Amino acid sequence: MSARVTLRRARPDVPRTRRAAVLATAFVALLAPALSACGGDGTASAGGATLKWASSYFPAHWDPVVGGSGAQFRELSMVYASLTRTDEKGDAVPDLARSWEYNAKGDTITFHLRPGLKFSDGEPVDARAVRAAVERAKKQKNSALFGDLTSIRSVDARGLDAVVHLTQVDYQIPQLLGERVLQIASPKAAKDPAKLDRAPVGAGPFVVRQLVPGTKAVLKKNPAYWDAKNIHIDDVELTSAPDASTVVSGLQTGVYNFADIEPSQADAAKKAGLDVFVQPGFNASNISLNVNKAPFKDDRVVDAVRHAVDRKEFVDKLTFGYGSATDQPFPKGYVAYDPESEDAYPYDPAESRKLLARAGYRPGALKLDLVIPAEDPAAEIVRSQLAKVGIKVTIKIDKNWATPFFAKDLAFSLYSTTGRDSALQTLTAHFGPDGPLNLSSPYEPDGFEAAVAKVRRTPLDAPDYPTVLRAATRAGLKSRALVFTFSSPNLTAKSTSVSSLPKNPAHIDWTGVTVNGG
């Protein structure tokens with residue numbers, strides 16, 4: 001699959017136990033001896049610039065092939081570098097690759113790697129490492145990335161030149177092979193994927209010194225990183241936030257100096273004198289329908305659900321002024337957002353009731369099970385809104401939700417995504433016949449395949465690229481399988497000792513960031 005399950009702020013679901021704020025401090029303090037028992041001191045070096053990051057989406061896996069391209073890629077990118085990364089405009093720029101070019105036909109792209117680079121285990125960063133990373137992502141049994149790399153046929157390794165042969169003309173590859181989809185691990189370390197998952201080895205800006213799975217990671221600056229001169233953080237203490245309610249107090253007391261937060265916490269963080277950083281991104285939430293199953297085989301029922309959704313309620317109740325309504329897998333203003341498709345199915349409960357009557361359902365006769373992995377206020381909003389048009393919804397929590405969702409066995413569910421650096425990948429993930437986020441696979445809307453092919457054939461810098469891309473969005477939105485609801489940015493709170501971060505869409509970029517006070 002190309003994305004992990006994400007609810008609310010597009011984060012992997014992590015069950016939590018509510019605790020008092022003081023326990024957060026004690027919890028972190030007690031970790032030091034636990035880490036020491038694992039070998040090494042388990043703490044940041046004295047006197048250095050230390051980032052203390054409390055994360056509510058601490059990686060479940062440190063093998064990037066298994067971790068996939070969900071929200072946790074931000075943490076993994078501290079350890080692993082990629083061929084490309086994105087700038088503040090969302091464009092692909094050099095990372096491990098200093099440059100690249102396509103052949104005249106557009107079905108082969110050659111990435112030229114920077115000379116002299118090494119992974120943290122001393123292995124060379126060369127084209128063989130790129131080939132190994134692609135092959136592992138496509139073939140490893142537990143890979144979460146195989147569906148993202150269908151355009152790649154093979155990779156030739158020619159010293160520092162990785163020649164990527166494609167199955168079709170596809171100018172999306174520089175966007176695709178960035179931090180989300182192809183974080184590159186040492187081929188030597190990756191020969192034992194299970195060990196790599198516990199002891200990550202990359203060529204990114206930091207090196208893992210100690211790792212307590214699911215709890216804490218201690219990292220130090222990687223002096224061999226290609227852009228080490230612009231990394232001003234010496235050490236990182238990455239901690240799984242024990243409870244969202246303790247994060248702001250932890251920032252106030254200095255247990256943390258950086259944390260991702262929920263929109264509901266932003267006001268408290270500001271009042272506490274913390275900086276709230278609004279990170280632009282591609283987050284979008286949706287109601288997923290399976291049109292291969294009753295009652296959604298009936299177009300009238302699908303349209304009834306569409307007209308029953310009041311997006312403003314989601315925004316008002318869930319985003320605390322930071323989100324916006326969207327009926328597309330992109331926020332408004334993004335290059336792929338299609339204004340022509342906006343508000344195609346406006347909120348109209350009267351029309352919804354008429355459609356249900358035409359489909360043969362009396363008020364209260366249609367009953368649906370909404371299956372989700374954990375409690376989610378968005379589900380309560382869905383239940384309430386559908387009840388107003390005569391649909392009775394029962395919310396069912398299944399901790400093993402991911403298995404039936406990605407097997408396309410569910411009829412009715414919710415999903416939120418962090419999007420992708422390649423807008424086309426976002427579209428195919430949602431609307432394509434093999435899309436991991438398309439609950440109705442192998443269904444796809446008419447005309448979508450042709451629209452996608454045209455986007456692939458259009459260079460990213462072509463004058464008509466935005467028009468071609470929006471046409472593909474328009475074709476995808478003819479799908480009956482998804483009802484998009486709202487978009488919310490990623491929010492972080494930090495102490496004033498941490499300098500401003502680059503506003504790269506959906507990414508956390510530590511280039512140039514400083515931490516004062518050690």
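**Loops, rings and a charged patch**

Biologist: Where does Asp 343 lie?

Modeller: Asp 343 sits in the loop between β16 (324-325) and α12 (349-358). Helices here are DSSP runs of H or I with at least four residues, strands are runs of E with at least two, and both are numbered from the N terminus.

Biologist: What kind of model and numbering is this?

Modeller: This is a predicted model, where local features need pLDDT of at least 70 and side-chain atom pairs count only at pLDDT 80 or more, while totals for chains, interfaces and linings use all residues. Residues are numbered from 1 along each chain as its sequence is written, and side-chain values use heavy atoms, with hydrogens and water left out.

Biologist: Back to Asp 343. What is its phi near?

Modeller: Phi of Asp 343 is near 55 degrees, which is positive in a residue other than glycine.

Biologist: Is Asp 343 buried or partly exposed?

Modeller: Partly exposed, because its relative accessible area is 47%. Buried means under 20%, exposed means over 50%, and partly exposed is in between (1.4 Å probe, protein chains only).

Biologist: What about phi of Lys 408?

Modeller: Lys 408 is not a glycine, yet its phi is positive, about 65 degrees. Lys 408 lies in the loop between α14 (402-406) and β19 (412-417). Its relative accessibility is 16%, so Lys 408 counts as buried.

Biologist: New topic. How many aromatic pairs are there?

Modeller: The count comes to 19. Rings of Phe, Tyr and Trp (its six-membered ring) pair if their centres lie within 6.5 Å; planes under 30 degrees apart count as stacked, over 60 as edge-to-face and the rest as tilted.

Biologist: Why is the pair of Trp 401 and Phe 406 called edge-to-face?

Modeller: Because the planes of Trp 401 and Phe 406 stand at 75 degrees, with the ring centres 6.1 Å apart. Phe 406 also pairs edge-to-face with Tyr 415, at 6.3 Å centre to centre and 85 degrees between the planes.

Biologist: Which residues do ring pairs link into a cluster?

Modeller: Trp 401, Phe 405, Phe 406 and Tyr 415.

Biologist: Are Trp 401 and Tyr 415 buried or exposed?

Modeller: Trp 401 counts as buried, at 1% relative accessibility. Tyr 415 is buried too, at 1%. Phe 406 has 17%, so Phe 406 counts as buried.

Biologist: Which peptide bonds are cis?

Modeller: One joins Ala 294 and Pro 295, with omega about 5 degrees. Pro 295 is in the loop between β15 (284-289) and α10 (299-308). Another runs from Ser 441 to Pro 442, with omega near 10 degrees. Pro 442 is in the loop between α15 (423-431) and α16 (448-456).

Biologist: And which residues gather in the patch of positive charge on the surface?

Modeller: Lys 188, Lys 191, Lys 195 and Arg 198. Patch residues have over 30% relative accessible area and no salt bridge; like charges are joined within 9 Å, and nonpolar side chains (Val, Leu, Ile, Met, Phe, Trp, Tyr) within 5 Å. A salt bridge puts a side-chain nitrogen of Lys or Arg within 4 Å of a carboxyl oxygen of Asp or Glu.

Biologist: Where does Lys 195 lie?

Modeller: Lys 195 lies in helix α7 (residues 193-198). Lys 195 counts as partly exposed because its relative accessibility is 49%.

Conventions. Areas by Shrake-Rupley, 256 points an atom, 1.4 Å probe, with all protein chains shown as cover. Lys, Arg positive; Asp, Glu negative; His and termini not counted. Charge placed at Lys NZ, Arg CZ, Asp CG, Glu CD.
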